[in-house]
Amino acid sequence: MIKKCPYNLAACLALLLSLSACNDKTEPLATTPAAQQTPDSESPRQPTLLDQNWRFMKYATTDDADDLIYDVRPEVDSFKDDKDADSKPTEAVEINTSSEVLKPWILPMANDFIRDPAKHHTRPPGSPGSDFPFVQDDFDDSQWQQVDIPHDWAIAGPFMGGDDAEVGGGMGRLPSHGVAWYRKKLTFSQDDLDKQLYLDIDAAMSYAMVWFNGHLVGGWPYGYNSWRVDLTPYAQAGDNNQLAIRVDNPPKSSRWYPGGGLYRNVWLTKTNPVHVANWGTYITTPQVSHQQAKVELEIRLKNSADTDTKIETQTDIFEINTHDDITSDVIASINTPAQTLAANSKARVNGSVTINNPKLWGPKPAQTPHRYVAVTKIKQGDKTLDQYQTHFGIRDIRLDPEKGVFVNGEHVYLQGVNQHHDLGALGAAFNVRAAQRQLGMLQELGSNAIRIAHNPPAVELLELTDKMGFLVIDEIYDSWERKKTPLDFHLIFPEWHEADLRAFIRRDRNYPSVMMWSVGNEVGEQYTGEEGAAIARELFNISKDEDPTRPVAASMNYAKPDMALPPVMDSISLNYQGEGIRNAPAYAHLQGIKTAPLYPAFHEKFPDKTIFSSENAAALSTRGEYLFPVTDGISAPVADGKGGDPLNAHVSAYELYTAPFGSSADKVLASLAKHPYVAGGFVWSGWDYLGEPTPYYSARSSYFGIIDLAGFKKDRFYLYQAAWRPDLPMAHILPHWNWPERVGEVTPVHVFTSGDEAELFLNGESLGRKTKAQYDYRLRWDDVVYQPGELKVVAYKNGQQWATDSIKTTGAASAIKLSADRAGINADGKDLTFITAKVTDSNGLTVPTAKQLIRYSLDGPGEIVATDNGDPRSMVSFKSHNRKVFNGLGLVIVKAKRDQQGRIRLTATAEGLQSSSIDIVIQ
């Protein structure tokens, strides 16, 4: 919500430009990864998205599941999932592997990503599970559920309430644990049998194993990584090729909601025997200026044929737009000389070219994220054996320990947020439009950087950050060998960390938005001295071996300047330590890590390393819930009766309260401003997410977000917007002004504004003009006595009127008003429109305390995908068409059915309220 600015011409122009930019963000962007794109049906490389007509079955309980397990797991006697997020990780529990597990057949999948051949795994003979009914082509799966991929098996619920729930608040109270199977028939022609046939899985949660025509062909345990299995040896002509995938997601295995199943895309890729290997191109730009850029290219080649093949490569570079359309003639070419590729071998070729007057990739809003595509062809004479596309950008990123980040020679202050992988009511199943909506709102906020927390993202997310102009810290691990939850991925780290890390970097290293790798988040090895530093050093060296061009970090919430881990990394990545942890008087009584503000100490110890705040704030609030009394400080830990309401599981929206280890936005912004050598930081968190509902683990989703789970802005949104977009005229008043029970009582009023002073009026009477002091990020009128009517603020900047905001006491709820973020959607079964339901009074004002039950119905060729309202406590299924609004607002997510035309009409009704309908055009 941007407030009106009727006074200053320059200010109004800035606002109009901002509104125009926001409108542009609703245009859907194409995000098919470059390697999965082909220019035409004649291309020798044919990727096919396997997104429809899967059969799915999940065992009712883990006790009912089959015994085709990857490995045995330790017994979990007890586990408390509501401990502070910065609690010390503990050592792994020793387990003895059974000879009956399938791990020995899966580990060889890692060999392509293990540098030392002596450490490669040898596959035992045989094919375990080949006689199991679910992998047979004649098994009748007609009674299984039919699903499309991506698919999150848990998001439909039901939610699990109570203190003794099988899945507690930490993992979102949804049934993400369990064992399930996916089955699908594949069809191959006789000609296909002369090709290489690969199954590319963008991610499966977790411990996935694949059978094809009865053969165990591979798998991958880490639930966030992308991976490939070779189907070629077992394919047969016809339509009866049976694919079966087993997924096994443990309970008590995550600190947040992980989702379950094949929750990202799955592809079938057909190539000739001679082809570019998986993630087989690597493009760098070692010399960049506005006048000239050097582009270097490495190509990994694979010959799966039994004969030697003489080949050469040709790579043409073109400009592309946000829809991945080529928009230029050939800009430059890189050709490599002919060579003979031996039978059943791999090889690398390298080349480079200089591009004059390059269009540089840079983060918005100051720069433009221009992109190119490199189209690589493997040629055998006049015949093209393979064609492979790589999207990339030309940019130079430099870290300066005194000034921070420079992109293409221009200073860019990191105004970042952390983002978990779920998409709210859609769960973990990735959806491009939902992710684009999240990023668009973050740009409106003023954010220019994303830290991926704490796992590899969907590749489509990085396509979006490339196109939309975000900088990204790409993170892979939340734990190493020491555990945070009993069954998290520390169990596989010793055997899989090298393969996971190399695969992760090879997949993501061509994305220009990725500015840094993070190999760990608050890992337990911070506590283990040189032993932990040795693991950090190994991960650092692997990262540099795969990509020497980017800095490597590991985020630290405990390690101090004199400890063993900080010197290992390129930069100093601090979680909460910069502004101090439990160090202010309001936090003195708390137990846990206690740290004085450490920016100066780290800067003194490591004057050649750039410091940034990889996590900060951890502020908490429930949208629209204001609790009294209000703390007179700028930051306080939430407690029952002090910013917290344990009966209703609410945290005050005055935006002053935090997790025990956190700090308010006010304190964080001031701390960063006082230490200008810090490159900026990443707020925890941009959006609310499923799981980790500190401080009330009876809830199902977090309180940390600047934006709530449904996508409605909290008041904190405007605090950050005022700080991060100082040239945007805006002012925002809180709280709402519907307080019939507080007539005559003191009700503090706070204002966030990009101005430098403001005057507040109640029913036309001035309550005084206040000026921001240095390091202040809000204006406070803490002695306002409530009377119904109108609150109005007039903000000033440099002595001139800058922006206004007003809120009024509303009448009783009388109607529903529907509005959509997009009036038209594509008929692909994936595109979405997000429709907001507001409960209004007779004057059209949103009633900020409304909680009426709304019933939604749909006519036309569409579907209600999910509903939400942003209330962290709600245990109503996201699939329900009946949901209360929460503090005046509700959300309905709608999609069109595939290949349908016409209009969709959504209608909202409620007892005692005027109903509302809205039409959406299917394009």
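This is a predicted model: local features need pLDDT of at least 70, side-chain atom pairs count only at pLDDT 80 or more; totals for chains, interfaces and linings use all residues.

Reader: How do you know that the span of helix 3 agrees with its number of residues?

Author: Helix 3 covers residues 432–445, and at 1.5 Å a residue it should span 20 Å. Its end C-alpha atoms are 20 Å apart, so the two agree.

Reader: Why is Asn431 said to cap the N-terminal end of helix 3?

Author: A side-chain oxygen of Asn431 lies 3.0 Å from the backbone nitrogen of Arg433. The cut-off for a polar contact is 3.5 Å, so this pair qualifies. Just after the helix, Gly446 has a positive phi of about 115°.

Reader: Why is Arg883 listed without a salt bridge?

Author: The nearest side chain of opposite charge, Asp868, is 4.3 Å away. A salt bridge has to be within 4 Å, so Arg883 has none, although it is buried.

Reader: What does the side chain of Arg883 reach, then?

Author: It reaches the backbone oxygen of Val876 at 3.2 Å and that of Ser877 at 2.7 Å. Arg883 is in strand 46, and it touches residues including Tyr856, Asp868 and Phe878.

Reader: Why do strand 29 and strand 31 stand at the edges?

Author: They belong to an open sheet of three strands in the order 29-30-31, with mixed pairing. Each has a single partner strand, so one side of each is left without a neighbour in the sheet.

Reader: How do you know that strand 30 and strand 31 pair?

Author: Pairing needs at least two bridges, and these strands have two, in the antiparallel sense, so they pair. Asp645 stands opposite His650 in strand 31.

Conventions
Residues are numbered from 1 along each chain as its sequence is written. Side-chain values use heavy atoms; hydrogens and water are left out. Helices (H or I, at least four residues) and strands (E, at least two) are DSSP runs, numbered from the N terminus. Buried means under 20% relative accessible area, exposed over 50%, partly exposed in between (1.4 Å probe, protein chains only). Lys and Arg count as positive and Asp and Glu as negative; His and the chain ends are not counted. A polar contact is a pair of N or O atoms within 3.5 Å; within protein, one must be able to donate a hydrogen and the other to accept it, and residues adjacent in sequence count only if both atoms are side-chain atoms. Contact means heavy atoms within 4.5 Å. The expected span of a helix is 1.5 Å times one less than its number of residues. Lists of a residue's contacts leave out its neighbours within four places in sequence.
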